[in-house]
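Let me put the structure up, and then I'll talk through a few bits of the inside.

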Amino acid sequence: MCNVDSSYCAGDEFSSSNAPYSADRSALTVAEPPIETDLIPQANGELMLSEPSTAMITGAGGWLGRSMNAHLARTGWRVIALPRAELDITNQDDVRRAVELFRPYVVINCVATADVDRCEIDRDWAFAVNASGPRFLARACREFGADILHVSTDYVFDGSKEGFYTQEDEPKPLSVYGASKLAGEFAVREDAERFYLIRTSWLFGVGGKNFGSRIFEHARQEANLKGVIDQTSIPTYAPDLAGRIEQIIRLRAHGLYQVTSSGPTTWFDFAKRALELAGLVDVRIEPVNRVALNQRAPRPHNTAMRCLVSEKLGLEPLRHWSDALEDFVREITERNM
């Protein structure tokens with residue numbers, strides 16, 4: 001049965017009802033001076049740093065971490081890629097030693113888990129990874145003069161809004177996972193000197209388990225596929241998100257962003273389109289309501305987001321998820337040939 005969540009989902013206790021949220025805290029701030037380095041245009045239109053800055057990626061073994069590593073290496077950064085086996089961000093001493101050793105210009109925290117239901121039954125684990133870990137990174141960045149970019153989730157919202165959530169909407173998480181991710185946002189705000197917070201949704205990419213790759217795993221196993229029809233958000237392709245993250249870092253416009261691909265959809269429609277692109281037209285997928293899956297953690301009904309800060313900065317929207325899905329399916333297909 002394919003009913004996978006892909007939200008970003010690791011201990012300081014946190015209760016959203018006891019932590020008032022102010023839209024002013026997400027205001028855009030532009031740091032001066034900008035990055036002191038020349039940019040060299042390349043044939044593919046990307047810009048390469050003439051003198052590499054150092055980016056330290058935590059959670060580098062996941063699909064966003066891998067995409068981030070590949071993108072930054074291609075555009076001329078010096079990348080320190082640290083998977084969980086090399087750096088456990090829940091260990092404050094190890095975090096401090098790593099930042100002190102590598103002295104990065106920016107730390108990009110890609111540590112994540114999609115196990116929303118485990119968070120519901122293992123609260124201490126969820127808050128250790130999603131709140132304490134980011135706090136330790138933020139403290140080390142402040143001490144050693146680094147920026148921090150932390151990736152969060154659309155699950156900070158309760159899903160009751162019609163239309164798009166913006167940074168002006170108050171987060172009201174329904175689940176332990178969402179509450180722990182919101183706690184991580186507050187931890188970074190409180191302890192970092194300069195930060196970028198990037199909320200994203202329904203992340204998919206090649207490498208690691210996510211709802212995109214699991215569609216094909218279940219299809220190959222001839223499993224019964226079920227696609228949820230009453231939950232809406234925006235699938236986001238990891239390589240596209242990685243490119244936008246680098247753009248934001250180059251701008252040095254610190255603040256809260258909501259970065260997704262374009263076009264709200266449902267799990268069912270995403271899975272159906274993926275199967276069509278892969279030529280798996282004979283694979284049946286059953287439409288179901290979320291409640292029929294009897295999952296432990298509640299899921300928000302609608303968490304489609306738009307980014308007021310990106311619009312203010314003149315950043316073009318990322319491409320539609322269905323266009324990105326074509327690249328994803330092509331790569332998955334080539335790897336399985």
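I'll go through the cores, then a strand, then a helix.

Quick housekeeping: this is a predicted model, with local features needing pLDDT of at least 70 and side-chain atom pairs counting only at pLDDT 80 or more, while totals for chains, interfaces and linings use all residues. Residues are numbered from 1 along each chain as its sequence is written, and side-chain values use heavy atoms, with hydrogens and water left out.

So, the largest nonpolar core has 29 residues. By that I mean buried Ala, Val, Leu, Ile, Met, Phe, Trp, Tyr and Cys residues joined through side-chain atoms within 4.5 Å, where buried is under 20% relative accessible area with a 1.4 Å probe, protein chains only. I108, L149, I249 and Y257 have the most contacts inside this core. Among the elements giving it two or more residues are β6 (106-109), β7 (147-153) and β13 (253-258), and α7 gives the most, with six. Helices (H or I, at least four residues) and strands (E, at least two) are DSSP runs, numbered from the N terminus. Apart from that core there's another one, of 24 residues, including V99 and V188.

Now β13: six of its six residues are buried, so the strand is largely enclosed by the rest of the structure. β13 pairs with β8 in the parallel sense over four bridges; pairing takes at least two DSSP bridges.

Last, α10, residues 321-335. Its buried residues include W321, L325, F328 and I332.

Conventions:
Buried means under 20% relative accessible area, exposed over 50%, partly exposed in between (1.4 Å probe, protein chains only).
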